[in-house]
Amino acid sequence: MNQKRVIVAMSGGVDSSVAAALLVEQGFEVIGVTLQLLPGASTGFGCCGSPADIADAVAVASRLNISHYVITMDELFEDKVIRPFVESYLRGDTPNPCALCNRFVKFGHLLGLSEAWDAGFLATGHYARVKEGKLYRAQDENKDQTYFLYNLGPRELFRLVFPVGDLSKPEVRSYARRLGLETADKPESQEICFIPNRDYRGFVKSHPLSSGLDFALKSGPIKDVSGRELGRHQGTVDYTIGQRKGLVSGSHAPKYVVRLDPKNQTVIVGEKEETMSSVCEISDMTWTSGNPIAQGQALVRIRHRHPPAPAHFSLNKEGRLRVRFDSPQRAITPGQSAVFYRGEEVLGGGMIKEVIE
Amino acid sequence: MLESAYLDYNATAPIRPEVMGAVSPFLKDGFANPNSPYRIGQEVRRALELARERVARLLGAKNPGEIVFTSSGSEANSAALYGAAWHSLQQSGRNKIIVSAVEHESMREILPILSSQGFKIYETGVDSNGLIDDGSLLEAIDERTALVSVMQANNETGVIQPIEKIAAVCRERGVLFHSDAVQSAGKIPLDVETLGVDLLSISGHKLGALKGAGALYIRNGVKLFPLIAGLQEKRRRGGTENVIGIVALGVAAQLSLAELSNSQRYLSWRRQIEDGCLSASNVRLNGGEGPRLPNTSNFSIEGVDGHSLAIAFDLAGVCVSSGSACATGLSSPSHVLRAMGLPKNLIKGALRVSTGWRTTQEEVDRFIEVFPRVVNKMRSVSLVPA
């Protein structure tokens with residue numbers, strides 16, 4: 001493979017624009033690729049390739065004088081990201097779609113294509129660091145995106161480059177301004193790229209998978225942990241564990257969502273302490289080294305921006321990893337990822353399957 | 001510019017050196033408006049009329065006055081389709097338009113607009129070889145029919161339609177017949193008299209002229225509403241003539257006509273390309289059974305996405321395409337292959353290879369040489385089910 005050629009996944013945002021620019025500066029033959037992940041002229045935003053974002057990526061590529069291609073991967077995205085996302089909500093879980101997109105789309109199919117295109121490396125604008133096939137948290141802890149990248153293995157990591165992983169966001173922006181890149185002051189996309197207006201409910205509801213399986217969209221009781229009905233809800237899909245707003249009014253202490261039971265169309269709420277738990281089980285574990293670890297200690301992060309907390313883990317008979325935190329954690333949420341760290345290094349991670357105690 | 005083997009002449013052709021020579025005076029002193037009375041204007045006018053004669057000769061038009069210059073093949077198609085539709089509706093109330101299912105996007109995109117204006121659109125399908133179902137097309141012609149339009153050769157597959165037969169019936173029934181000959185002009189002999197067409201579109205850059213000039217043949221006596229109003233081109237197309245583009249078109253038309261006798265060269269390359277590609281497993285040739293342009297091959301490579309494959313070829317130094325070139329560089333599934341009834345995975349894996357005036361044996365060899373390697377590599381990483 002051509003070790004001087006690098007494919008850069010350019011979303012049309014400032015981070016991947018700067019990633020491309022830095023690689024050009026380093027003397028690589030840089031080839032920009034923008035993925036169109038939603039069919040036709042759908043209005044997505046962020047990294048899923050809306051017409052406006054594609055236009056921005058094209059403008060930056062032309063400013064940098066690099067080759068650029070647009071690739072459609074809408075079917076793969078539907079299959080590997082959107083469907084599991086909808087299924088997760090219908091199960092009463094809270095999914096982490098970006099991790100799936102990274103695994104199957106960006107560092108799955110696109111990495112494969114970059115191999116066929118004779119490129120030694122694939123780069124993105126993610127905030128994370130890779131060194132000798134190992135994955136580390138970003139320099140800028142505020143921007144660290146390893147929570148969405150934990151499921152990469154050595155096959156991927158040895159071919160990945162994250163050029164902005166050593167920079168802070170302000171540094172990235174000022175670099176982009178200095179080069180006059182069109183995307184220098186483009187606002188951040190915080191939301192999930194394929195959901196317009198944060199309307200998860202509307203999205204899940206209108207997805208064909210929901211038909212016949214739409215318990216999560218039906219109204220039902222809000223109960224406390226002892227089973228007493230406190231009010232009604234319009235569908236468990238509207239709730240996530242640990243959430244406070246949107247609950248029964250009139251009760252003196254604020255209530256928090258403790259558990260979702262979409263099969264019985266029930267939302268279970270409780271006091272703040274009742275959202276705390278210490279033990280959970282993780283499925284679909286992957287390890288960045290490629291070598292599974294059956295038991296040990298690690299810092300475990302249970303949601304984006306959650307400060308990784310010390311925990312012990314061991315593999316159980318069902319092949320799940322049982323994690324016991326040294327101290328109880330708030331709102332451990334099925335469907336979210338549990339990401340394992342040793343210091344700055346990412347060891348791996350999986351999906352939170354069940355909260356045990 | 002990069003040094004790549006270029007095998008995408010159906011997208012566009014390199015500019016001919018003779019064209020560059022012929023237009024250069026018009027980049028300097030030959031700037032005058034061809035409609036101006038003074039002598040330098042007359043000189044430019046003469047160059048325009050010479051170009052018109054050359055285009056008329058390429059198309060077999062009896063009278064150069066039947067050639068109207070446009071900005072492109074797309075504009076010629078628009079001028080024919082809108083122009084004939086609106087004129088017929090006004091003159092005779094006819095509001096039915098019959099087209100094939102494999103027309104170029106510049107035709108297809110007009111259909112919903114005409115439909116919204118009250119026209120009835122009838123689309124005729126094609127068989128698995130890409131040949132139009134002329135039986136059902138002819139049956140669809142009735143007293144409400146304003147226009148029938150069938151392309152002479154398809155841009156993606158190169159399949160040549162039996163337009164002579166359709167045109168004859170149209171004439172008998174007093175219906176206008178238009179053909180988009182953008183891909184066929186200069187590649188196969190073309191004679192508007194023998195074909196019996198009333199309207200025919202061509203494009204300059206496909207012949208090795210410049211982008212930005214095309215022409216519409218309008219048979220004497222055929223009336224159209226002008227798409228662009230103005231006094232130029234005998235009121236048939238307004239706007240000061242694109243002198244450089246038209247001069248270039250004339251030169252390229254003359255050269256293309258002379259080169260029609262070279263078709264053996266193209267056929268030989270086509271055979272080499274097809275033998276080479278078909279020797280790989282699970283590759284099929286689309287439209288291979290019917291009459292085809294000598295320069296075009298359309299393959300379905302099972303198990304890959306044609307657009308990603310075309311990128312792989314580009315990065316391996318060969319320009320080919322996954323279908324028709326479109327504005328954004330995005331691939332959308334080919335309506336042509338869909339109309340031919342191909343399954344989805346074969347439509348996705350489409351690859352078009354087309355040769356032209358500057359093609360060399362080395363370029364063809366290079367493509368054939370890299371083909372198995374590129375395809376195997378793509379297949380090994382592809383997620384399209386084989």
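Analyst: A residue is buried if 20 or more other C-beta atoms lie within 10 Å of its own, exposed if 12 or fewer, and partly exposed in between, with C-beta atoms placed from the backbone. This is a predicted model, where local features need pLDDT of at least 70, side-chain atom pairs count only at pLDDT 80 or more, and totals for chains, interfaces and linings use all residues. Residues are numbered from 1 along each chain as its sequence is written, while chains are lettered from A and ligands numbered from 1 in the order in which they are written.

User: Which exposed residues sit on the face of H1(B) turned away from its buried side?

Analyst: H1 of chain B runs over residues 17–27, and its buried residues are Val19(B), Ala22(B) and Val23(B). (Helices are DSSP runs of H or I with at least four residues, strands are E runs of at least two, and both are numbered from the N terminus.) Those three are on the same side of the helix because they cover an arc of only 90 degrees around the axis, the arc being that of the directions from the helix axis to the C-beta atoms. The face turned away from them carries Pro17(B), Gly21(B), Ser24(B) and Leu27(B).

User: Which residues touch the most other members of the largest nonpolar core?

Analyst: A nonpolar core here is a set of buried Ala, Val, Leu, Ile, Met, Phe, Trp, Tyr and Cys residues joined through C-beta atoms within 7 Å. The largest one holds 230 residues, and H4 of chain A (97–116) gives the most to it, with eleven. The members that touch the most others are Val8(A) and Ala248(B).

User: What radius of gyration does chain A have?

Analyst: Chain A has seven helices and 17 strands, and its C-alpha trace spans about 65 × 45 × 35 Å along the principal axes. Buried residues make up 51% of its 357 residues. Of its contacts between residues at least 6 apart in sequence, 64% join residues at least 24 apart. A compact globule of 357 residues would come out near 21 Å (2.2 Å times the number of residues to the power 0.38, with the radius taken over C-alpha atoms), which agrees with the value for chain A, 21 Å.

User: Which element gives the most to the side of domain 1 of chain A that touches domain 3 of chain A?

Analyst: An automatic or database assignment sets the domain bounds, and for chain A it gives domain 1 (2–196), domain 2 (218–270) and domain 3 (276–355). Domains 1 and 3 have centres 25 Å apart over C-alpha atoms, and 18 residues of domain 1 meet 17 of domain 3. Strand S6 (134–136) and helix H5 (154–157) of chain A each supply at least two residues of the domain 1 side. With three residues, the one that gives the most is S6(A).

User: Now the two chains: which helix gives the most to the side of chain B that touches chain A?

Analyst: The chains meet through 13 residues of chain B and 13 of chain A. On the chain B side, the elements giving two or more residues are H11 (306–315) and H14 (361–381). Five residues come from the helix that gives the most, H11(B).

User: Is Thr145(B) buried or exposed?

Analyst: Thr145(B) is in strand S5 (145–149) of chain B, and its C-alpha atom is 5.9 Å from that of Ile97(B), 48 residues away along the chain. Leaving aside neighbours within four places, its contacts are Arg94(B), Lys96(B), Ile98(B) and Val175(B). With 21 C-beta neighbours inside 10 Å, Thr145(B) therefore counts as buried.

User: Is Arg235(B) buried or exposed?

Analyst: Arg235(B) is in the loop between strand S8 (214–218) and H9 of chain B. Its phi is near 65 degrees, a positive value in a residue other than glycine. Since Arg235(B) has 10 C-beta neighbours inside 10 Å, it counts as exposed.

Key:
Contact = placed C-beta atoms within 7 Å.
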